[in-house]
Amino acid sequence: MVNTTTLQTALNAGTDVSIVTTNSGTSGGSAGNITVSNTVTTTGTGAGALSLVADGNISLNANISLSGTGKGFLAKAWGGISQAANVTVQTNGGDITYWVNTEGTTSGNHGIYLMNGTTLDSRTA
């Protein structure tokens, strides 16, 4: 689990942050999923970019607002990516990229799902 305050402090210091998970492959072990449950908001045009790379699924259940000029948001999963209803992902002119790797996969939930009312906004502030 990543502490939201610690994450925002690193981003606000200008650090590009990557959170990477793996699937332990053992019963009761980590499935490699990432869930954003708390709002992530940065301040200042020098704030860093955020990358979420999951061996499982990514669930965006809270807003993400990145203020760094040209700094982007990447969500890359081997499973699926879902953005809950009325959740916003916003950058200050940075790319917003959702990437699902399904190569060689024949089962499971492997798509990008944007629920009603979601917003992706990469306009420059």
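Mentor: A salt bridge here is a side-chain nitrogen of Lys or Arg within 4 Å of a carboxyl oxygen of Asp or Glu. The model is predicted, so local features need pLDDT of at least 70 and side-chain atom pairs pLDDT 80 or more, while totals for chains, interfaces and linings use all residues. Residues are numbered from 1 along each chain as its sequence is written, and side-chain values use heavy atoms, with hydrogens and water left out.

By the salt-bridge rule the count is 2. In one of them, arginine 123 pairs with aspartate 121, and their closest N and O atoms are 2.7 Å apart. The two ends differ in cover, where buried means under 20% relative accessible area, exposed over 50%, and partly exposed in between (1.4 Å probe, protein chains only). Aspartate 121 has a relative accessible area of 10% and is therefore buried, whereas arginine 123, at 62%, counts as exposed.

The other salt bridge joins aspartate 16 to lysine 71, with 3.2 Å between the closest N and O atoms. This pair links distant parts of the chain, 55 residues apart: aspartate 16 is in the loop between α1 and β1, and lysine 71 is in the loop between β6 and β7 (73-77). Helices (H or I, at least four residues) and strands (E, at least two) are DSSP runs, numbered from the N terminus. Both ends of this pair are partly exposed: aspartate 16 has a relative accessible area of 45%, and lysine 71 has 26%.

The protein has 1 helix and 12 strands. Helix α1 spans residues 4-12, and its residues Thr4, Leu7, Gln8 and Leu11 are buried. Down the helix axis these buried residues fall within an arc of 95°, so they line one face of α1; the arc is taken from the directions from the helix axis to the C-beta atoms. An α-helix has 3.6 residues a turn, so residues three or four places apart point the same way. Thr5, Thr6 and Thr9 are exposed on the other side of α1. The buried residues of the helix pack against β1 (17-20), β3, β4 (50-54) and β6.

β1 and β4 pair in the parallel sense over 4 bridges, pairing being defined as at least two bridges found by DSSP. Serine 18 has serine 51 in β4 as its bridge partner. β4 in turn pairs in the parallel sense with β7, over 5 bridges, and leucine 50 stands opposite phenylalanine 73 in β7. Of the 5 residues of β4, 4 are buried.

Leucine 66 is buried, because its relative accessibility is 2%. With residues up to four places away in sequence left out, leucine 66 touches Leu11, Thr42, Gly48, Leu50, Gly72, Phe73, Gln90, Thr91 and Asn92, a contact meaning heavy atoms within 4.5 Å.

An open sheet of 4 strands has the order β3-β6-β9-β12, with parallel pairing. β3 (40-41) and β12 (119-121) stand at its edges, each with a single partner strand, so one side of each has no neighbour in the sheet. β12 runs parallel to β9 (residues 88-92) and is joined to this strand by 3 bridges. Threonine 88 is placed opposite threonine 119 in β12.

For the whole protein, 37% of the 125 residues count as buried. Among contacts between residues at least 6 apart in sequence, 57% join residues at least 24 apart. The accessible surface is about 6700 Å², and 47% of this area belongs to carbon and sulfur atoms; areas come from the Shrake-Rupley method with a 1.4 Å probe, and for residues only the protein chains shown count as cover.
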